[in-house]
Amino acid sequence: QPHFAELLITDTLLFLFITHAMRLIIRNFGLLSLTLQKQITSLLLLSFVFAFISSTCFISIQTFFKWDSDHIQKYSFLNNVIRQSFSTLLFLLIWNLIYFTYHYIEKSRQQQLDKIRLESLVKELELKTIKSHINPHFIFNALNSIRALVDENPERARTAITELSNILRSSMQAEKLETAPLERELSIVKDYLALEYIRFEDRLKVEYDIDEDTLDQPIPPMMLQTLVENAIKHGITQEKDGGLIRIISDFVGDHHELIVQNTGKLSEVFNTEGFGIASTQNRLNLIFGKKAQFELKTITDGIVEAKITIPISS
């Protein structure tokens with residue numbers, strides 16, 4: 001065809017100009033921020049309008065320079081514009097579809113990343129909030145017990161102050177940790193129970209059944225302490241003759257089981273509104289998700305068991 005190169009160049013330049021103009025309109029009017037239904041409507045409307053504009057310009061240029069004059073003269077100007085619009089519309093629809101699809105996928109990906117970042121931030125804030133409440137409420141009892149020992153047994157009083165200091169230091173360090181080795185947490189619990197023994201004396205019996213291979217397993221900091229503290233507060237304290245605290249740590253299948261058993265009754269121990277129980281459940285969910293479980297139940301008459309099941313860390 002004569003003037004084929006001129007027609008191709010003109011059509012290409014018009015397409016570049018038209019698509020650039022559409023892109024400016026899409027960005028300046030914020031069409032990508034609309035709902036999906038409105039975005040589709042905008043895509044169709046833009047394609048129709050700019051197909052007509054592009055075709056009008058193209059036919060006008062053809063007519064002015066008399067390119068492909070036989071074909072142009074065969075129909076009226078409006079008829080030529082309409083016929084040209086149908087072929088141009090197809091290209092613009094494809095361009096808009098690609099443009100909108102790309103930005104829709106990119107927007108969805110960004111929203112997903114923002115959601116993940118937000119969830120991570122919320123998780124971090126929730127953990128910090130929970131940890132900020134982990135201040136042993138036994139401090140006053142411990143101080144009273146130490147005060148009584150100052151005259152009776154000064155050496156034991158000094159040891160008790162060291163034990164209390166260790167617990168408080170560990171509580172403050174818990175703010176910086178998401179998990180800590182069981183061995184570290186067990187050391188804190190032993191200091192705590194040593195302080196409580198001052199108050200209960202022979203009314204408190206403690207047993208440990210710890211698989212040494214579990215000592216390096218990570219657990220949420222101060223969680224074991226919280227469970228033992230609740231066992232003392234809601235179990236041993238309620239019993240006239242005191243009772244037993246048994247701490248068990250073992251591997252069962254592909255999970256690490258951490259168990260605190262105490263003398264008491266479930267009706268007196270279990271309180272879903274209590275901070276100890278609620279914080280244990282929340283922290284396990286935040287750190288391990290559905291892979292970790294917490295259970296509180298009566299295993300025999302007069303013995304209550306709090307069991308945490310955590311995935312084994314290799």
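Modeller: Two strands count as paired when DSSP finds at least two bridges between them. One example of a bridge is D209, whose partner in β4 is I248.

Colleague: What kind of model is this, and how are its residues numbered?

Modeller: It is a predicted model, where local features need pLDDT of at least 70, side-chain atom pairs count only at pLDDT 80 or more, and totals for chains, interfaces and linings use all residues. Numbering starts from 1 along each chain as its sequence is written, and side-chain values use heavy atoms, with hydrogens and water left out.

Colleague: Let's get an overview, then. How many helices and strands does the protein chain have?

Modeller: There are 10 helices and seven strands. Of the 314 residues in the protein chain, 39% are buried; buried means under 20% relative accessible area, exposed means over 50%, and partly exposed lies in between, with a 1.4 Å probe and protein chains only. The accessible surface is about 18,500 Å², and carbon and sulfur atoms hold 58% of that; the areas come from the Shrake-Rupley method with a 1.4 Å probe, and for residues only the protein chains shown count as cover. As for contacts (heavy atoms within 4.5 Å), take those with a separation of 6 or more: 74% are between residues 24 or more positions apart.

Colleague: Now the sheet. What is the order of its strands?

Modeller: The order is β2-β4-β5-β7-β6, an open sheet of five strands with mixed pairing. β2 (204-210) and β6 are the edge strands, each pairing on one side only. From one strand to the next, the twist averages 15 degrees; such angles run from 0 to 180 degrees between N-to-C directions, with axes fitted as lines to C-alpha atoms, for helices over the stretch in contact.

Colleague: Which strands run parallel, and how many bridges join them?

Modeller: β2 and strand β4 (residues 243-252) run parallel, joined by seven bridges.

Colleague: Which helices pack on the sheet?

Modeller: Helix α7 (residues 182-200) packs there and touches β2, β4 and β5, with its direction at about 165 degrees to that of β2. Helix α8 (residues 223-234) also packs on the sheet, touching β2, β4, β5, β6 and β7, and its direction makes about 20 degrees with that of β5.

Colleague: Could you take me through β7? Are its residues mostly buried or exposed?

Modeller: Strand β7 (residues 303-311) is mostly covered, with eight of its nine residues buried. Strand β5 (residues 255-263) pairs with β7 over nine bridges in the antiparallel sense, and T263 faces I303 of β7. Strand β6 (residues 293-300) is also antiparallel to β7, through seven bridges; here Q293 is opposite T309. β6 and β7 make a hairpin with two residues between them, and G302 in that turn has a positive phi of about 90 degrees.

Colleague: Which residues other than glycine have a positive phi?

Modeller: Among them is E201, at about 55 degrees, in the loop between α7 and β2. M222 is another, with phi near 70 degrees; it sits in the loop between β3 (218-219) and α8. M222 counts as buried because its relative accessibility is 0%.

Colleague: How should I read a pair of packed helices?

Modeller: Two packed helices are described by the angle and the distance between their axes. Here, the axes of helix α5 (residues 139-152) and α7 come within 9 Å and cross at roughly 65 degrees. The crossing of α5 and α7 is left-handed, which means that the near helix is turned anticlockwise from the far one by less than a right angle; clockwise would be right-handed. N141, A142, S145, I146 and L149 of α5 meet L195, I198 and R199 of α7.

Notes
Helices (H or I, at least four residues) and strands (E, at least two) are DSSP runs, numbered from the N terminus.
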